[in-house]
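Subject: Structure for your review

Dear colleague,

Please find below the structure that I promised to pass on, followed by an account of what was found in it.

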Amino acid sequence: MKLPHLTVIGGGQMARALVGGMIDQSVLDAEKLSVIANSESTGQWWQENYPGCEFYTAGSSEATDKAIAGSEIIMLAVKPHIIPTVLADTQGHLMGKLVISVAAGVPLAKLTEGAGHKRVARVMPNTPSLVGEGASAYCSADEVTAADVESIEAMLGSVGYVAPVTEGQLDAVTGVSGSGPAYVFLIIEALADGGVAAGLPRKTALDLAIQTVRGAATMVRDTGEHPGVLKDKVCSPGGTTIAAIRSLEQNAVRGALIDAVAASAGRSRELAQ
Ligand SMILES: NC(=O)C1=CN([C@@H]2O[C@H](COP(=O)(O)OP(=O)(O)OC[C@H]3O[C@@H](n4cnc5c(N)ncnc54)[C@H](O)[C@@H]3O)[C@@H](O)[C@H]2O)C=CC1
Ligand SMILES: O=C(O)[C@@H]1CCC=N1
């Protein structure tokens, strides 16, 4: 499936991962992309990396009259506190458009009020979308059609896993998969540090850490076995792994990760206020 003309408002990290990933996966042509942002350097980045796309300055009449008027889908990818500014800038120009927001915590009610209609969806993607390994969940307001849902699933599905959720579940999604890559990057970094502390060269330690996280994730997915069962199979009686697991449990790693997800979900709920 090829997507119709898309305008992304923002153009930063998440837009680069999601929309860049969609172009790399060939569901979107760069010629069918307009980027609206408030900095020239953002425009330069897009035009250098995806020649053919158009850049417009936020708040300009060209942004609304050319980019938005010429697009079927508008993606809001600015920080949550900038959403009101963007909705004010685009007021009256979003009629008839499918509006998709990736902003953490900004509720459908605020988005539909600003858009002036209910053909609006909220998505929580994550940055591994850039390499086709994203994890996204979405919910939609009342006027989103079955064809719109197909477009949303095609967009997100082209760059990874996608699941529909209720709006009430989106804060939890943010805690697990929206923020989640940061926890895993931290774990990879720490594993590599451990390898260096135990005497490995940095590159070898990092390569081993990356492949171990990747292999373990693939194994959970492909075997369908519970992660606890797979963990038990690594632990030889009286062996090295159970000694490490004891250390992890003494350091409350499970609780720390559960608390991390809860902290992100809680912050997402706060952003809705
Ligand atoms: N970074 C991540 O891993 C994820 C981010 N998100 C959401 O994505 C949204 C964007 O986050 P990032 O891309 O990380 O932020 P970012 O700071 O990298 O990008 C935001 C972009 O918005 C532009 N901008 C600022 N004011 C503007 C305006 N008035 N009009 C148009 N553009 C404007 C900035 O120049 C910047 O390029 C946030 O709402 C965040 O909650 C969601 C999931 C994951
Ligand atoms: O940190 C944040 O607020 C955004 C939303 C999820 C991931 N990054």
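How many helices and strands does the secondary structure of the chain come to? There are 12 helices and eight strands, where helices (H or I, at least four residues) and strands (E, at least two) are DSSP runs numbered from the N terminus. Please keep in mind that this is a predicted model, in which local features need pLDDT of at least 70 and side-chain atom pairs count only at pLDDT 80 or more, while totals for chains, interfaces and linings use all residues. Residues are numbered from 1 along each chain as its sequence is written, and chains are lettered from A and ligands numbered from 1 in the order in which they are written.

Overall layout

The C-alpha trace of the chain spans about 70 × 40 × 30 Å along its principal axes, and 34% of its 273 residues are buried. A residue is called buried if 20 or more other C-beta atoms lie within 10 Å of its own, exposed if 12 or fewer do, and partly exposed in between, with C-beta atoms placed from the backbone. The domain assignment, which is automatic or taken from a database, gives domain 1 (6-170) and domain 2 (180-271), and their centres, taken over C-alpha atoms, are separated by 32 Å. Seven residues of domain 1 are in contact with five residues of domain 2, contact meaning that two C-beta atoms, placed from the backbone, lie within 7 Å. The side of domain 1 that touches domain 2 has four nonpolar, three polar and no charged residues; here Ala, Val, Leu, Ile, Met, Phe, Trp, Tyr, Cys and Pro count as nonpolar, Asp, Glu, Lys and Arg as charged, and the others, Gly among them, as polar.

The two ligands

Around ligand 1 there are 28 residues, of which Gly-12, Met-14, Ala-58, Ala-103 and Ala-104 come nearest; a residue is taken as near a molecule if its C-beta atom, placed from the backbone, lies within 6 Å of it. This shell divides into 16 nonpolar, 11 polar and one charged residue, and helix 1 gives the most to it, with three residues. Around ligand 2 the residues are Ala-104, Thr-174, Gly-178 and Ser-179, that is, one nonpolar, three polar and no charged residues.

The annotated binding site

An unreviewed UniProt entry places the feature "binding site" at ten positions, among them Gly-12, Met-14, Ala-77 and Lys-79; such annotations are given in the numbering used here, with shortened feature names, and may be inferred rather than shown by experiment. The annotated residues are spread over 72 residues of sequence, yet they cluster in space, with a largest C-alpha distance of 13.8 Å.

Is Met-14 buried or exposed? Met-14, which is found in helix 1, counts as buried because it has 24 C-beta neighbours inside 10 Å. Leaving aside residues up to four places away in sequence, Met-14 touches Ala-77, Val-102, Pro-125 and Thr-127. Lys-79 lies in the loop between strand 4 (73-76) and helix 4, and it counts as partly exposed because 15 C-beta neighbours lie inside 10 Å.

Two positions elsewhere

Ile-242 lies in helix 11 (residues 240-250) and is 43 Å from Lys-79, C-alpha to C-alpha. Gly-228, in helix 10 (residues 227-234), is exposed, with 7 other C-beta atoms within 10 Å, and its C-alpha atom is separated by 37 Å from that of Ala-77.

With best regards
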